Amino acid sequence: MPEAAVLTDPVPAMDAEADAARPVGIDMVHRTRPEDAFPRDWVRLAHDRFAVTAVLPHDHAFFAPVDGDRHDPLLVAEVMRQAAMLAFHAGYGVPLGHHFLLSGLDFACHQEHLRVGGAPAEVDVEVYCSDLKWRGGLPVAGRVAWTVHRDGGLAATGVGVTRFTSPEVYRRMRGDAAAEHISIPDAAPVRAALAGRSRTEDVVLSATGRDGLWELRVDTRHPTLFQRPNDHVPGMLLLEAARQAAWLAVGRGGIVPTEAVSRFHRYAEFGSPCRIGAVVLPGTAEGAVTVQVTGWQNGETVFTAVLSGLRARG
């Protein structure tokens, strides 16, 4: 099982006193559509810890329920990501417009606490920031740990590594690639049901004619995956590609990835083929499955992910 399975160690206990909770603007979580912004309010617990109240929608078009009646683990991962952006913008003063770059994201979900009901579910996300590096009075890199509780039960944990850059530094770092792009794929998507999706527009892989290998489909018209113009393929899309590749590799029944260890090594660029490979790893327990997914572009590894979970019940 991936190392995310050990992420159940609690972050330090909450302080006895905290500030009053404050509302969240969608710009603080880098979203442009309210239906894709999940944190609702936040409060600082200590210099390095924040409590965020968020919602898990029961009827989100993209982050639809999985395994019949459970919230999508990738929805939970997105809630964690947004809670971290909120903490650094609101809590540490990182200006809006700075780029938030995750180089690693691991999570472990406890599906017994993620049952979907007839209304959005409220969850409590604690964000713990550590190993911060500072420049000019602002954090430029750090480590984040999350715990997610629902009705007192531990629903998920996670860890991530992030850095922040100003628009000026980002443009220098990206050079000619910093121009925003539009991408409309020519290749047909794999059949939605085979990739574990119900809607064709959510499929992000095309067949290559080789077993265990697909091509990434990047469609900048997708309203959730592309909130605003971008100069590279978002990490959320790469995680979705990993999930779909794992489902395809497992075959009939697919996989609900309740645990993941992911690393982002370089930007996935527009206009160049990105291949996604998936291999089912041996030695997992009965009923469980683990899949190694790798993305390559121009001969270089873009990202890796190890997804573990149970075969979907359908």
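**Entry 1: salt bridges.** I looked up R33 and found that it forms a salt bridge with D36, the closest N and O atoms being 2.7 Å apart; the term requires a side-chain nitrogen of Lys or Arg within 4 Å of a carboxyl oxygen of Asp or Glu. R33 is partly exposed, with a relative accessible area of 24%, whereas D36 is buried at 2%. I took buried as under 20% relative accessible area, exposed as over 50% and partly exposed as in between, with a 1.4 Å probe and protein chains only. This is a predicted model, in which local features need pLDDT of at least 70 and side-chain atom pairs count only at pLDDT 80 or more, while totals for chains, interfaces and linings use all residues. Residues are numbered from 1 along each chain as its sequence is written, and side-chain values use heavy atoms, with hydrogens and water left out.

**Entry 2: D72 and R243.** I then examined the salt bridge between the side chains of D72 and R243 (2.7 Å, N to O). D72 lies in the loop between strand 3 and helix 1 and R243 in helix 3 (residues 235-250), so the pair ties together parts that are 171 residues apart in sequence. Helices (H or I, at least four residues) and strands (E, at least two) are DSSP runs, numbered from the N terminus. D72 is buried at 1% relative accessibility, and R243 is buried at 5%. I noted that both belong to a network of salt bridges that links D72, R197, R199, E201, D202, E240 and R243. My search of the whole structure gave 18 salt bridges.

**Entry 3: R174.** I recorded a salt bridge between the side chains of R174 and E269 (2.7 Å, N to O). R174 lies in helix 2 (residues 167-174) and E269 in the loop between strand 10 and strand 11 (274-281), so the pair ties together parts that are 95 residues apart in sequence. R174 is buried, with a relative accessible area of 9%, and E269 is partly exposed at 24%. R174 also lies over the face of Y267, at 4.2 Å from the ring centre; for this, NZ of Lys or CZ of Arg must be within 6 Å of the ring centre and within 35 degrees of the ring normal.

**Entry 4: strand 4.** I found 9 of the 11 residues of strand 4 (residues 99-109) to be buried. Strand 4 runs antiparallel to strand 7 (residues 153-165), joined by 10 bridges, where pairing requires at least two DSSP bridges between the strands. C109 stands opposite A156 in strand 7. Strand 10 (residues 256-264) is also antiparallel to strand 4, with 5 bridges, and its A260 is the bridge partner of F107.
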